[in-house]
Amino acid sequence: MTKLQTKIALLPGDGIGPEVTNAAVQILEDCASAFGHHFEFRELPFGGNAIDQCGAPLPDATLAACRGSDAILLGAIGGPKWESLPFGTRPEAGLLGIRKELGLYINLRPIRLRPALRGISPLRPDRLGDCDFEIVRELAGDIYFGEHKITSEKASDLAEYSVFEIERVARYAFERAAARKQHLTSVDKANVLASSTLWRDTVTAVAREYPSVKLDHLYVDNAAMQILLRPTQFDVILTGNMFGDILSDEAAALAGSIGLIPSLSRGRPHQPALYEPIHGSAPTLAGKDVACPLGAIFSATLMLRESFGLDAESQWIEAAVDRVLEQGYRTADIAEPGGRVVRGSEFTAKLRGELREAPAQHARSGA
Ligand code: IPM
Ligand code: MG
């Protein structure tokens, strides 16, 4: 069994960020001791707390430490305290800044329903099916990063894409689809937008490199409807930065709660990737120990698989999560009538107990 020695930059952020990342770190530490790995964590200011401590949401020292790490685990950022700051200096600017600085142009958001949580989806079970698809969102371009102009009378935001930017994220999405059910749905607004027209043409051209993958295109308004009408038609969805932001929240609701969905943001292979739950900092829940730690815990298991190749370790944790959910333990946001609603820290403690009961070797069947 290969022992891994690895450095993880920890960016707990604001609101519920610190509590959920703390839960993920405990689980990663259990994993390290069960499998003989060593994860070295370095905690850094980022977001609103970095504005308070260092005067900027992405301090140079935080960025440098992220560059020097093997992976980055982020909680969530933002809150009412920093909302009145001038545009471009808020915690969100730190998030966009780190994506840009580290060249994180791919954002993967897996939409996967945990079997024990079928009942909390707002969709009827016959429509929901297995609900297992992935959204690949372009993360470093589009209206997010085009020129923003604002005066007291007028404002504009420029949506721009180059062929190069579309090709590199499209290749990643085709590769994901090739490794799954060979079906890629590209989402755009090519009936109205020039940037979407280039998007559609470029994705269609890249498709020639992946003859095993069936490609189709949907306009974003139709895609938003199809996600609710018939989610089983999707395998991998590829879309731009803005549409991906919106569709991934919608898709997360299908899985029962946005609190459950992790994400991977990465650039070129061999550079540190960033993992974060897709939920926000939920300031009204912060400090009450009610937040669901699963988005952060699944971000950690995604990290184990995607950055470190530790599939068995990741499965070992996810199987234990499913057992805890099957026993009926739920945080408030994923509760069902008759279930046992526990605090976030109790859920994590329950999960750690379950991990202690499941010797690590058992996860490595045949190893
Ligand atoms: C996300 C978030 C961010 C985004 C915000 C916080 C800047 O909504 O990661 O989905 O819009 O990308
Ligand atoms: Mg979002």
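Predicted model: local features only at pLDDT ≥ 70, side-chain atom pairs only at ≥ 80, totals over all residues.
Ten strands make up an open sheet of mixed pairing, and their order reads β2-β1-β3-β12-β11-β4-β5-β10-β8-β9. At the edges lie β2, residues 38–43, and β9, residues 214–219, each of which pairs on one side only. From one strand to the next, the twist averages 25°.

Within that order, I would draw your attention to one pair, β8 and β10. Strand β8 spans residues 183–188 and strand β10 spans residues 236–239. The two pair in the parallel sense, over four bridges. In this part of the sheet, V187 stands opposite T239 in β10.

Which helix packs on the sheet, touching β4, β5, β8 and β10? The answer is α9, residues 241–254. Of the strands that α9 touches, β4 covers residues 106–112 and β5 covers residues 132–138. The direction of α9 makes about 160° with that of β5.

I turn now to a pair of helices, α1 and α12. Helix α1 comprises residues 17–35, and helix α12 comprises residues 344–357. Their axes come within 10 Å and cross at roughly 10°. Angles under 35 degrees count as roughly parallel, and α1 is therefore roughly parallel to α12. On the α1 side, the residues of the contact are E19, A23, Q26, I27, D30 and A34; they meet G344, T348, L351, R352 and L355 in α12. By class, this contact has five nonpolar, three polar and three charged residues.

Next, the ligand. Around ligand 1 we find E92, L95, D245 and I278. Taken by class, this shell has two nonpolar and two charged residues, and no polar ones.

Finally, the protein as a whole. Its secondary structure amounts to twelve helices and 14 strands. Along the principal axes, the C-alpha atoms fill a box of roughly 55 × 50 × 45 Å. How does the radius of gyration stand against that of a compact globule? For 367 residues, a compact globule would have a value near 21 Å; the protein has 20 Å, so the two agree.

Definitions and conventions
Residues numbered from 1 in each chain as written. Chains lettered and ligands numbered in written order. Axes fitted to C-alpha atoms, helices over the stretch in contact; angles between N-to-C directions. Parallel < 35°, antiparallel > 145°, perpendicular 65-115°, else oblique. Contact = placed C-beta atoms within 7 Å. Nonpolar A, V, L, I, M, F, W, Y, C, P; charged D, E, K, R; others polar. Pairing = 2+ DSSP bridges. Near = placed C-beta within 6 Å. Rg over C-alpha atoms; globule rule 2.2 N^0.38 Å.
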